[in-house]
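Keep the sequence and the 3D view handy.

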Amino acid sequence: MSTIRIADGPHPERNNGTTSGSGINAVVQMRRLSKTQSFDKKSFTSSYEADDDEDADLRRTQDFPAKQTFRGKLLLWLAYQSIGIIYGDIGTSPLYVYSSTFTGPPSYNDLVGVLSLIIWSLIMMVTVKYVIIVLHADNEGEGGTFSTYALLCRYANLTNRDPREGQMLKMERHMTDDLGKGGGRVRNIFERSKVARIVLKIMGVLAVTMVLADGVLTPAQSVLGAVQGLNVVVPTISHSAVVGATCGILILLFVVQPFGVSKLASGFAPVVIIWLAFNAAFGIYNLALFDASVLKAFNPGEAFLYLIRNGEQGWRSLGGILLAFTGVEALFADLGAFSMRAIQLSWLCYTFPCLLLAYIGQAAYISVHPDAYSNPFFNSCPPGMVIPSLVIAILAAIVASQAIITASFQLVTQVQKLSYFPQIKVVHVSKIYHGQVYVPLANWLLMIGTVLIAGIFNNTTALGNAYGVCVIFVTFFDTCMVTLTAIFVWKYSPLLVFLPWLTIALMDGAFLSSALTKFPHGAWFTILLAILLACILLEWRFGKEQQWAAEATDRHPTSHFIKRRRDNRLQLTERYGGTVLSPIAGLGIFFDKAGETTPLVFSAFISKLVAVPEVMIFFHMRALERPSVGDEERYHVTRLGVPNCYRLVLRHGFNDRVVTEDLGAVVYDVVRRYIANGPAPRPTNTLDEMDNDVVHCLDPNERQSNDTTTHSSSSDNKPITTTKAGVMHTSAPTSSRADAEAQRASEIVKLDAAYTHQILYIIGKEEMKVKPGTNLVRATLLKTFLWMRENSRTKVADLRVPGDRVIEVGFVKEV
């Protein structure tokens with residue numbers, strides 16, 4: 001591999017006559033195209049204006065991510081799987097809610113009051129808020145607070161964006177009049193206020209990191225609590241044996257994650273289903289056998305009477321009651337792995353009724369046996385069911401960790417899509433359910449964190465003090481985000497939205513204020529961890545925004561850098577010295593990360609080396625969020641303003657293999673067939689002559705130009721040409737077709753000769769440095785970002801192309 005390093009100085013300002021493209025981006029990959037496959041002319045679209053680059057076609061509607069919808073058997077199967085993944089956490093809450101709420105045997109009135117709070121928390125916080133409302137605030141099927149923030153950014157100008165992000169993002173900002181006066185005024189406040197935009201960004205990022213912090217804590221808490229249940233069967237078991245077994249189970253839990261969500265869900269679902277069935281059956285048994293009067297807890301007045309009667313102690317007890325809906329944040333974040341309908345079906349038809357029966361049945365038993373509050377599930381088991389219940393409870397508690405683990409994978413994928421985290425490996429584990437992913441790095445880091453937490457805290461009491469605070473923070477953030485979604489996206493009036501927001505926000509605030517009393521006793525750990533992780537995400541985003549600003553001046557078409565002389569030789573434009581370019585024998589494939597305008601590696605290559613390959617291909621890989629891309633839409637080739645220069649856009653799915661050792665042969669094959677079978681090539685006229693000549697083109701999809709436009713007549717297939725003067729002429733098709741065929745033959749000969757001689761893979765390596773005179777704080781932030789960038793970028797050696805054919809061109813930019 002050869003390496004060329006170039007210090008990139010300031011670029012000239014773009015003149016007004018130069019235009020640059022913008023588009024929509026996705027991601028790309030490729031498979032080898034057999035030379036025996038047919039090549040459809042219709043798959044190539046082209047338009048030509050003299051001295052201009054053709055459209056790279058990066059704005060295809062079908063490239064945008066689209067929400068998957070499932071019906072029938074697939075929907076029922078997803079609903080079944082979602083029980084095994086999503087409800088393990090919230091489903092195991094009956095093990096400890098009453099014991100975490102009461103400090104001593106409760107009175108009947110207090111028991112009914114707490115049961116009323118539990119019932120209405122499940123109704124309001126889970127069913128109404130999340131299952132009915134919040135799940136609708138998805139971003140093309142993806143869930144979680146951060147996805148809702150991304151949704152808001154599509155409907156309002158709330159964030160800075162990578163110029164290339166326009167290719168990836170489907171902006172759908174409503175007209176101000178469509179929002180009404182109130183909605184338009186609220187959106188205007190957020191778009192104009194820098195403070196409001198920063199607050200929203202921080203809320204979105206903190207919601208992610210708080211879920212990740214809980215992702216470290218939850219597995220340790222649930223598995224350790226399950227293993228401690230062995231004390232019921234083996235009272236002599238040592239504490240070190242409990243901790244050791246916990247660590248072993250945790251490691252095993254993360255080791256099986258590469259099997260994927262679908263396989264794990266199919267295995268875990270029976271455990272959770274049986275566990276919830278046990279709870280429902282025991283609840284019915286206790287309700288029938290002991291005290292059915294606790295059903296009056298469905299009256300919300302009992303909840304208010306309890307809070308009024310107990311004052312501060314009642315308020316503090318909310319920190320225990322909120323454990324009844326911990327896991328609801330994972331329910332929303334796991335939306336991308338399943339679907340809204342599947343989650344609604346599994347919650348409303350099975351999980352919710354089972355949990356209601358569990359809590360009601362336990363209350364019925366405790367009302368007769370007040371001392372049973374300390375271990376309500378096992379104490380209220382019917383005779384002979386303790387051992388089976390213990391076994392299924394341990395399994396369910398272990399499975400409970402899966403909800404937060406899956407949510408962590410979903411959120412890491414989301415933040416890296418929006419440039420809040422470096423690009424890391426994401427494995428799509430299902431060809432049918434596109435949102436089911438596995439992130440190896442996140443998996444192993446979570447494993448290390450949970451094992452350390454289990455070993456350090458080593459008891460559920462200490463872990464319980466740290467548990468739950470982040471959950472209620474996230475639910476409050478969701479309340480605010482979804483309220484703005486109702487205004488900006490769903491176009492509801494702020495006056496209509498205010499009362500529901502205030503009601504839910506007050507509930508969130510009550511639970512949050514109570515949970516914060518745990519801050520000195522362990523909650524500080526998860527909050528501190530979440531803040532540290534948020535700083536990393538915000539630091540990366542800050543650095544990327546500075547990088548985009550530095551690169552913004554380099555978005556030009558090829559005509560900005562190169563022009564053709566009258567003798568058909570190429571030279572740099574006057575702004576770059578006007579030097580004639582020396583030809584390099586061979587085919588040069590320039591890796592193009594943007595897919596539009598001129599790649600930075602190409603402009604650096606020609607301006608400093610003053611040479612160009614005989615034939616140049618800008619190769620852009622565009623990944624789509626689907627398993628595979630069909631042959632008919634995989635490749636898109638266009639001609640550029642420079643002779644013998646082409647752009648190849650390669651679309652691929654997440655299961656397609658992209659860069660292989662025969663990449664050069666595939667690229668050559670595709671471009672060659674484009675020349676032979678695609679639209680008519682450019683005229684051979686020199687650039688100066690083109691200003692005065694009539695341009696002919698056989699392409700029926702010509703775009704209009706202020707200077708010269710060529711159309712196609714569908715009736716007689718004769719090219720119709722418009723000159724600068726606006727006069728229409730019909731040219732003789734015979735001579736133009738002959739010229740076009742001759743030009744095709746010439747281009748093919750040049751391509752064949754270049755390919756036969758050698759293939760060069762030319763890759764850019766953009767180095768960045770901090771501008772002199774930058775203040776200390778900014779310089780420190782930028783240097784930290786540059787260090788992270790350098791240690792997370794893809795190495796050239798990782799490319800599956802022959803190393804002796806790779807040229808790495810390094811260029812330096814200041815930020």
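Q: What makes the contact between the side chains of R673 and D669 a salt bridge?
A: This is a predicted model, and in it the N to O distance between R673 and D669 is 2.6 Å. The cut-off is within 4 Å, for a side-chain nitrogen of Lys or Arg and a carboxyl oxygen of Asp or Glu, so the pair counts as a salt bridge. R673 and D669 both sit in helix α23 (residues 663-677), 4 residues apart, which is about one turn of the helix. R673 and D669 are also both buried.

Q: What makes the side chains of R672 and D752 a salt bridge?
A: Here the N to O distance is 2.9 Å, and the limit is 4 Å. This pair links distant parts of the chain: R672 is in helix α23 and D752 is in helix α25 (residues 733-757), 80 residues apart.

Q: Why does R672 count as partly exposed?
A: Buried means under 20% and exposed means over 50%. R672 has 30% relative accessibility, so it goes in between. D752, at 21%, counts as partly exposed too.

Q: How far apart are R316 and E312 in helix α10 (residues 301-321)?
A: R316 and E312 are 4 residues apart, so about one helical turn separates them. Their side chains meet in a salt bridge at 3.1 Å, N to O. R316 is partly exposed, because its relative accessible area is 38%.

Q: How do you know that the span of helix α6 (residues 194-228) agrees with what its 35 residues should give?
A: At 1.5 Å a residue, α6 should span 51 Å. Its end C-alpha atoms are 50 Å apart, so the two agree. There is still a kink of about 30° at L217, shortly before the proline P219.

Q: What makes α6 mostly covered?
A: Of its 35 residues, 27 are buried, and buried means under 20% relative accessible area.

Q: What is the phi of K491, a residue other than glycine?
A: Most residues other than glycine have a negative phi. The phi of K491 is near 65°, a positive value. K491 lies in the loop between α18 (469-488) and α19 (494-515), and it counts as partly exposed because its relative accessibility is 39%.

Q: What about N568, which is not a glycine either?
A: N568 has a positive phi of about 70°. Its place is in the loop between β4 (562-564) and β5 (570-572). At 42% relative accessibility, N568 counts as partly exposed.

Notes:
Residues numbered from 1 in each chain as written. Heavy atoms only, no water. Helix = DSSP H or I, 4+ residues; strand = E, 2+ residues; numbered from the N terminus. Buried < 20%, exposed > 50% of the residue type's maximum accessible area, 1.4 Å probe, protein only. Expected span 1.5 Å × (residues − 1). Bend = angle between axes of the 7 residues up to and from the residue.
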